Amino acid sequence: MRLLIAGGGGFRVPLIYRALLSGTFSGLVTRLVLYDVDPARLAAVAAVLKSMPGGQDGRVAVECTTDAAAALDGAGMVFAAIRPGGTAGRVADEKVAQDLGLLGQETTGAGGISYALRTIPRMLDLARLMRDRCPDAWLINFTNPAGMVTEALLPVLGHRVIGICDSAGGLVHRAAHAAGVPLAEGRLDGVGYYGLNHLGWLYRLESGGRDVLPDLLADPAALQRFEEGRLFPQPFLAELGMLPNEYLYYYYRSEEARAAMQGMAQTRGETIDGQQRALYPRLAVAGDDAYRLWEEARRSREEGYLAEARQDGGHRDEEDLAGGGYERVALAAMRALAGRGDTQLILNTRNTLPPGSAPDRQAPLPAMADPSAVRPAIPGLPADAVVEVPCAVTRNGAVPLPQQAPAGAQLELLQRVKDVERFTVVAAATGNRAAALEAFARHPLVDSPERAGRLLAGYEHAFPDVGKMWEGGGR
């Protein structure tokens, strides 16, 4: 198979290549094409791949290009992980919000809306090019904010686009390990999870037909064994009755997160930007040492993840730092889409159950419901919206599995953030400034038309191309 990575100069690309060289995914790809607009970043990543153990044995041929059309020709699968504006853009995403006293984070809140506004137009360009150059290829989207970007691409690529994130799946596996529940490879039987990208909850975890999640939530020692269990007080989790995705820290403890970020000498974006500015030129000329330098930088980067939530100076556990998240999810999805064996994964896809599918046993259909009617996998959210949910993945695509209806508070937050996402998609796809303002104003972490106006003006100043989006009223 010919696999194209759009954003091939990205920092995480070596994780994918490493997974392709050995183990479960070995032999799946024969040619890896790296496409990026920055030739210097391509050269640096190519040096890392070449110096990696097994990187020169020819099992996976590597090609680098800055020509998107040529890169797409013959592609059977496309991974997309682009970042318009680079890491400097992330700095502005965070700083504009923080300078207004708001929480500044890459994908959550105002920063995530800004990121989406400048990313969705570029991803739409890629999707249209795919439709012309490789119409039968699948797009597996890593590009953040993954849920919004995936939803924006559905009108162009339909079911052939799937969004991925390792956060939800990682939560499930870490919780299962802490609870002593074995999870069969490629199966999510007995797992209940509903949400949007970076906004979801694990609400059921079965073993032997019994839900063991209440026992886990009542066990302070067990919760201390994994990241999400340490992020929130045990009494809060026990009362909630669910395990939140780690990004819900920014909602449940927003003032603490905001204050911690304001108190840091550098934002997360500034730290990563500085690291990569220093690292990439070194990688390109490091020869056999490039892989070691990259691996050291990767571990350092992972160590700083969600640092604002560890104000006691604590560190992430070795298990959290072991590496390998996005690449495992993406390659597992790719293998199933290629017909090499079905699997179950938590993915971002349309919230539509296939006709005749059985409901979640804890959320039966209302009496006299029409079994042929379109039904959502997550009740209470639009069936045509992109959600993050367990899916069955086959050569025909990703099909969501039915989930329990979210409780009142969770459903209210999901509905509100989904409205924000849909306004953002409209703004980015059609050049509608009023929709962008509405997205900022409605977000729970902004919640003010006045602040929305100041935010959008700040981002238009930081990213002139965002302001130009409104000039023609569309693309």
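Modeller: Ground rules: it's a prediction, with local features needing pLDDT of at least 70 and side-chain atom pairs 80 or more, while totals for chains, interfaces and linings use all residues. Residues count from 1 along each chain as its sequence is written, and side-chain values use heavy atoms, leaving out hydrogens and water.

Biologist: Why are H1 and H2 called roughly parallel?

Modeller: Helix H1 (residues 13–21) and helix H2 (residues 39–51) pack at about 30 degrees, axes 10 Å apart. Axes here are lines fitted to C-alpha atoms, for helices over the stretch in contact, with angles from 0 to 180 degrees between N-to-C directions. Angles under 35 degrees count as roughly parallel, over 145 as roughly antiparallel, 65 to 115 as roughly perpendicular and the rest as oblique, so H1 and H2 get the roughly parallel label.

Biologist: Which residues make that contact?

Modeller: With contact meaning heavy atoms within 4.5 Å, Val13, Pro14 and Tyr17 of H1 meet Val45, Val48 and Leu49 of H2. By class that's six nonpolar, no polar and no charged residues; nonpolar covers Ala, Val, Leu, Ile, Met, Phe, Trp, Tyr, Cys and Pro, charged covers Asp, Glu, Lys and Arg, and the others, Gly among them, are polar.

Biologist: Why is histidine 198 called buried, and aspartate 447 partly exposed?

Modeller: Buried means under 20% relative accessible area, exposed over 50%, and partly exposed in between (1.4 Å probe, protein chains only). Histidine 198 is at 4%, so it counts as buried; aspartate 447 is at 46%, so it counts as partly exposed.

Biologist: What is the phi of each, histidine 198 and aspartate 447?

Modeller: Histidine 198 has phi near 65 degrees, and aspartate 447 about 55 degrees. Most residues other than glycine have a negative phi.

Definitions and conventions:
Helices (H or I, at least four residues) and strands (E, at least two) are DSSP runs, numbered from the N terminus.
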